[in-house]
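Trainee: I have just opened this one and would like to be walked through it. Could we go piece by piece?

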Amino acid sequence: MYDYEELLDRAIARLPDVETTDARFVIPEPKVFAEGKTTILDNFGNIANILNRDPDHIMKYLTRELGTAGKIDGSRAVFQGRFMRSQIANNIQAYVDEYVICSECGRPDTQIVKVDRVLILQCSACGAHRPVKKRKATQVETKEAIEEGGTYEVRIDAVGSKGDGIAKVDKYTIFVPRTKKGDVVKIKVKRISGNLAFADLV
Ligand SMILES: [Zn+2]
């Protein structure tokens with residue numbers, strides 16, 4: 001048995017070194033046009049290259065966010081239905097924010113590694129790592145899973161870089177000090193900020 005940090009260190013040690021560059025990271029302007037009942041993203045291959053991510057992963061993300069089907073056709077991506085250039089550009093930007101840019105230093109010199117079934121975005125420039133947040137295709141929740149002041153029983157799935165235990169409840173990542181991986185604990189949520197929550201043991 002390895003703990004989370006050990007697993008992460010081992011995964012990172014196996015990564016090839018990534019050249020960090022001072023060149024500014026620029027997402028190419030998507031070249032988008034309609035072709036019959038489909039929308040073509042003509043420079044998809046180039047964009048995937050610059051983002052340095054698996055084209056299939058990007059494609060899966062885009063089709064899910066656009067709510068349509070699509071396929072990669074050579075260096076182009078073909079989406080069923082008509083979409084505006086801005087819709088595609090916004091979703092590429094969202095992909096970059098989620099899967100490419102380091103949230104600590106803002107640089108794109110990152111890789112995605114899978115540790116213990118959790119996708120981790122690892123930054124080669126500053127060494128930071130964070131879980132890639134998992135999103136649902138459709139948001140059907142009417143009630144938030146947790147709220148400030150509420151008490152819940154959670155399972156600690158991981159330990160963060162500062163040593164706090166981390167539990168996942170729905171879309172929330174909850175930090176619980178003085179816990180370790182595998183603990184099932186009762187917590188009280190002190191504060192929620194976006195998808196992050198901070199809780200104490202009760
Ligand atoms: Zn970084």
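Trainee: Where is Phe79 placed?
Mentor: Phe79 is in strand β4; helices (H or I, at least four residues) and strands (E, at least two) are DSSP runs, numbered from the N terminus. Before we go further, note that this is a predicted model, in which local features need pLDDT of at least 70, side-chain atom pairs count only at pLDDT 80 or more, and totals for chains, interfaces and linings use all residues. Residues are numbered from 1 along each chain as its sequence is written.

Trainee: Is Phe79 buried or exposed, and why?
Mentor: Phe79 counts as buried because it has 21 C-beta neighbours inside 10 Å. The cut-offs are that a residue is buried if 20 or more other C-beta atoms lie within 10 Å of its own, exposed if 12 or fewer, and partly exposed in between, with C-beta atoms placed from the backbone.

Trainee: And which residues is Phe79 in contact with, leaving aside its neighbours within four places in sequence?
Mentor: Those are Thr38, Thr39, Thr63, Leu66, Thr68 and Gly70, where contact means that the C-beta atoms, placed from the backbone, lie within 7 Å. As for Thr63, which is 16 residues away from Phe79 along the chain, the C-alpha atoms of the two are separated by 7.3 Å.

Trainee: What is the strand order in the open sheet of 4 strands?
Mentor: The order is β1-β2-β4-β3, and the pairing is antiparallel; two strands pair if DSSP finds at least two bridges between them. At the edges are β1 (32-35) and β3 (70-73), each of which pairs on one side only. From one strand to the next the twist averages 25 degrees, with axes taken as lines fitted to C-alpha atoms, for helices over the stretch in contact, and angles running from 0 to 180 degrees between N-to-C directions.

Trainee: How many bridges are there between β2 and β4?
Mentor: Strands β2 (residues 38-41) and β4 (residues 76-80) pair in the antiparallel sense over 4 bridges, and Ile40 has Val78 in β4 as its bridge partner. On this sheet packs α3, which touches β3 and β4 and whose direction makes about 150 degrees with that of β3.

Trainee: Changing topic, which residues touch the most other members in the largest nonpolar core?
Mentor: Of its 15 residues, they are Leu41, Phe44, Ile47, Ala48, Leu51, Ile58 and Ile88; a nonpolar core is a set of buried Ala, Val, Leu, Ile, Met, Phe, Trp, Tyr and Cys residues joined through C-beta atoms within 7 Å. Two or more residues each come from α2, α3, β4 and α4 (85-99), and α2 gives the largest share, 4 residues. Another core, of 11 residues, lies apart from this one and has Val154, Ala167, Ile174 and Ile187 among its members.

Trainee: What about Asn52, where is its place?
Mentor: Asn52 is in the loop between α2 (44-51) and α3 (55-66), and it has a positive phi of about 60 degrees although it is not a glycine. With 13 C-beta neighbours inside 10 Å, Asn52 counts as partly exposed.

Trainee: And which loop holds Arg178?
Mentor: Arg178 is in the loop between β11 (172-176) and β12 (184-193), and its phi is also positive, near 60 degrees, in a residue other than glycine. Arg178 is exposed, since 11 other C-beta atoms lie within 10 Å.

Methods: Two residues are in contact if their C-beta atoms, placed from the backbone, lie within 7 Å.
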